[in-house]
Amino acid sequence: MVESLSAEQQITPWVSLEAYANLASWKWKSNANVTYYNYLSSDVIAHTEIYCDGLHVGDSPQTQIGMAGNFSLPKGFYARLSWQFNDRMYADFEPDKRTDPASKDAYRLPSWNVVDATLGWSSQLTDNMHIDIFANGRNLTDANYIERGIDGAGNDLATFRGYWGAPRTLSVGMKLSF
């Protein structure tokens, strides 16, 4: 089950606001009997039972809320400020590793917030050439968060293997379109 809501409102000709919320309840619906085959000979290698019924599906936040403001400033300048909150995200796992009837849910990652901003200037230089110069700030609050990963044997942070989100990152760029 997924419930999604998104809205965008043009407040003035130069300001628009966006908001969204995604609420999900993704869980495995059953256990399964698995047969492993040799892919070359089609001989049966093994049979096993996997126990996933009721476990949360990993690798995607089941609660995600965010909002953004877009600002068209004079003389081709623009700005964007956004915030996103993620919660109820579980570590990914291989279902075929859940062979114990007492299998526990995957590690639930801590919730996290990210604030991003962009400031730029855009202009049509000629009929066939457009320029965009911009500066981006990602994770401006320098939040320490886990972006994704694989559950470990203990279903906890100590045995979890994964990727931490990028720290505060500032960048500048230019894009020419012909």
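Colleague: Let's start with β2 and β5: in what sense do they pair, and over how many bridges?

Modeller: They pair in the antiparallel sense, over nine bridges. To count as a pair, two strands need at least two bridges found by DSSP, so with nine bridges β2 and β5 qualify. One of the bridges is between Glu18 and its partner in β5, Ala68. Before we go on: this is a predicted model, where local features need pLDDT of at least 70 and side-chain atom pairs count only at pLDDT 80 or more, while totals for chains, interfaces and linings use all residues. Residues are numbered from 1 along each chain as its sequence is written, and side-chain values use heavy atoms, with hydrogens and water left out.

Colleague: What makes something a strand, and where do the numbers come from?

Modeller: A strand is a DSSP run of E with at least two residues, a helix is a run of H or I with at least four, and the numbering starts from the N terminus.

Colleague: What joins β1 to β2?

Modeller: There are 10 bridges between β1 (residues 2-12) and β2 (residues 15-24), and the two strands run antiparallel. Glu8, for instance, has Glu18 in β2 as its bridge partner. β1 and β2 form a hairpin, with two residues between them.

Colleague: And how many residues lie between β5 and β6 in their hairpin?

Modeller: Four, and Lys75 in that turn has a positive phi of about 60 degrees. Gly69, for example, finds its bridge partner Leu81 in β6.

Colleague: In what order do the seven strands form the open sheet?

Modeller: The order is β1-β2-β5-β6-β9-β10-β13, and the pairing is antiparallel. β1 and β13 (169-177) stand at the edges with a single partner strand each, so one side of each has no neighbour in the sheet. On average, neighbouring strands of this sheet are turned by 10 degrees against each other, direction ignored. Further along, β6 (residues 77-87) and β9 (residues 112-126) run antiparallel and are joined by 10 bridges. There, Phe85 stands opposite Asn113 in β9.

Colleague: What holds strands of a sheet together in general?

Modeller: They pair through backbone hydrogen bonds, either parallel or antiparallel.

Colleague: How many aromatic pairs does a search of the whole structure find?

Modeller: It finds three. One of them is Trp28 with Phe93, at 6.2 Å centre to centre and 50 degrees between the planes.

Colleague: Why is the pair of Trp28 and Phe93 called tilted?

Modeller: Rings of Phe, Tyr and Trp (its six-membered ring) pair if their centres lie within 6.5 Å; planes under 30 degrees apart are stacked, over 60 edge-to-face, and the rest tilted. The centres are 6.2 Å apart and the planes 50 degrees, so this is a pair, and a tilted one. Trp28 is in the loop between β2 and β3 (32-37), and Phe93 is in the loop between β7 (89-90) and β8 (108-109), 65 residues apart.

Colleague: Are Trp28 and Phe93 buried or exposed?

Modeller: Buried means under 20% relative accessible area, exposed over 50%, and partly exposed in between (1.4 Å probe, protein chains only). Trp28 has 33%, so it is partly exposed. Phe93 has 6%, so it counts as buried.

Colleague: What kind of aromatic pair do Tyr107 and Phe160 form?

Modeller: A tilted one, with 5.5 Å centre to centre and 55 degrees between the planes. Tyr107 lies in the loop between β7 and β8, and Phe160 in the loop between β11 (146-150) and β12 (161-164), so the pair ties together parts 53 residues apart in sequence. Both Tyr107 and Phe160 are buried.

Colleague: Where does Asp53 lie?

Modeller: Asp53 is in the loop between β4 (44-50) and β5. Its relative accessible area is 46%, so Asp53 is partly exposed. Asp53 and Asn31 are 22 residues apart along the chain, and their C-alpha atoms are separated by 5.1 Å.

Conventions: Axes are lines fitted to C-alpha atoms, for helices over the stretch in contact, and angles run from 0 to 180 degrees between N-to-C directions.
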